[in-house]
Amino acid sequence: MISETVVHAATAAVYVVATVGCLRYLRRADEAHQQYLRLATLPIVVGAVSSALLALGVGFAVVNGYELTLPAILSDSVAYPVLWVVTAMLADVDDRLLAFAAVVPFVQVLAFWASPVYGGLVALASVAVVVGSHVLLAVVFRGRIWAASSSVAEERRLLHWKARNLLLFLIGMLIAFAFLSVAGAFDDFGTLVIDQYISVLIRIGFVGFLFANVDALGTVTDAATTAAVGRDTTAADDD
């Protein structure tokens, strides 16, 4: 039977290949797109390091009889806030909404990892935070952040809309899988493999989607420049 070490090593290899591909693409990408692409690549880089450490047997800790994988916790704590922040950036939101997009997923990750460690009310509260955070992200991204995206070019707004829906679906799938695994729907090895698959799918799928639609990122700058020129021209005519 395939060991956990082999699974983590294979996951690390996938992340490394994806990282090399992203870095090669970044060298050819327009400078105006660099901040988005670099941020989106970060979860893959951290995922590669995390999986490599786990393959080497580094970072395991037992708390309350439950084995925690500290590198995976660190990876999730970086990955999901970054992915949500990139999605919010596509809508050109203000700093407060960017902070919201970072803090809520971070708290969600901590609650996600805390839920199986503690029993009773703490576990129930953690589950409520995980589900409630996902609902809150959906509400705010479909509400205030979607409204803010009306100021950007249509192609970029569509990119934000697709990125938001992609994250809501994939992370919702991860939460559903977590509940099923806790209920005993999978054995330990099956849980590990599916968890790694979903984690890779979210990180690499998102960055692949963003890289494939990178041309839409430049439209908001062009639109903003055009609008600014139009305002200046109007002001000059008024004078």
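# Chat about a predicted helical model

Modeller: Ala-178 lies in helix H7, and since we are working with a predicted model, what I say about this residue and the others is computed from that model.

Biologist: OK, is Ala-178 buried or exposed?

Modeller: Ala-178 is buried, because its relative accessible area is 12% and the cut-off for buried is under 20%.

Biologist: And how far is Ala-178 from Ile-194?

Modeller: Their C-alpha atoms are separated by 10.0 Å, while along the chain Ala-178 and Ile-194 are 16 residues apart.

Biologist: Which helix holds Ser-181, and what does Ser-181 touch?

Modeller: Ser-181 sits in helix H7, which covers residues 154–182, and leaving aside residues up to four places away in sequence, Ser-181 touches Phe-186 and Thr-191. Ser-181 counts as buried, since its relative accessibility is 19% and buried means under 20%.

Biologist: Let me step back. How many helices and strands are there, and in what order do they run?

Modeller: The secondary structure comes to nine helices and two strands, and from the N terminus on the elements run α-α-β-β-α-α-α-α-α-α-α.

Biologist: What does the C-alpha trace span, and how many of the residues are buried?

Modeller: Along its principal axes the C-alpha trace spans about 75 × 40 × 25 Å, and buried residues make up 44% of the 239 residues. The accessible surface comes to about 12200 Å², of which 66% belongs to carbon and sulfur atoms.

Biologist: What about contacts between residues at least 6 apart in sequence?

Modeller: Of those contacts, 75% join residues that are at least 24 apart in sequence.

Biologist: Switching to charges: how many salt bridges do you count?

Modeller: The count comes to one salt bridge, in which the side chains of Arg-203 and Asp-76 meet at 2.7 Å, N to O. Arg-203 lies in helix H8 (residues 188–212) and Asp-76 in helix H3 (residues 70–90), so the pair ties together parts that are 127 residues apart in sequence.

Biologist: Why can side chains like that pair at all?

Modeller: In general, side chains of opposite charge can pair when their charged atoms come close.

Biologist: Are Arg-203 and Asp-76 buried or exposed?

Modeller: Both Arg-203 and Asp-76 are buried.

Biologist: How many positive and negative side chains are there overall?

Modeller: There are 13 positive and 19 negative side chains, and the centres of the two sets lie 2 Å apart.

Biologist: Which residues form the negative surface patch?

Modeller: That patch is formed by Glu-4, Glu-67, Asp-187 and Asp-188. Glu-4 has its place in helix H1, residues 4–28, and with a relative accessible area of 43% Glu-4 is partly exposed, so it passes the patch requirement of over 30% relative accessible area.

Biologist: And which residues make the nonpolar surface patch?

Modeller: Leu-42, Val-45, Val-49, Leu-53, Leu-56 and Val-58 make a nonpolar surface patch of about 480 Å². One of them, Leu-53, is found in helix H2 (residues 34–55), and Leu-53 is partly exposed at a relative accessible area of 31%, which means that it also passes the cut-off of over 30%.

Biologist: New topic, backbone angles. What is phi for Asn-64, and where does Asn-64 lie?

Modeller: Asn-64 has a positive phi of about 55° although it is not a glycine, and Asn-64 lies in the loop between strand S1 (60–63) and strand S2 (66–69). Its relative accessibility is 60%, so Asn-64 counts as exposed.

Biologist: What is phi of Asp-92, then?

Modeller: Phi of Asp-92 is near 60°, again a positive value in a residue other than glycine. Asp-92 has its place in the loop between H3 and helix H4 (95–114), and at 48% relative accessibility Asp-92 counts as partly exposed.

Biologist: How far apart are Tyr-118 and Val-63?

Modeller: Tyr-118 and Val-63 are 8.9 Å apart in space, C-alpha to C-alpha, and 55 residues apart in sequence.

Technical notes
Residues numbered from 1 in each chain as written. Predicted model: local features only at pLDDT ≥ 70, side-chain atom pairs only at ≥ 80, totals over all residues. Heavy atoms only, no water. Patch = residues over 30% accessible without salt bridge, like charges linked within 9 Å, V, L, I, M, F, W, Y side chains within 5 Å. Areas by Shrake-Rupley, 256 points an atom, 1.4 Å probe, with all protein chains shown as cover. Salt bridge = Lys/Arg side-chain N within 4 Å of Asp/Glu carboxyl O. Lys, Arg positive; Asp, Glu negative; His and termini not counted. Charge placed at Lys NZ, Arg CZ, Asp CG, Glu CD. Helix = DSSP H or I, 4+ residues; strand = E, 2+ residues; numbered from the N terminus. Buried < 20%, exposed > 50% of the residue type's maximum accessible area, 1.4 Å probe, protein only. Contact = heavy atoms within 4.5 Å.
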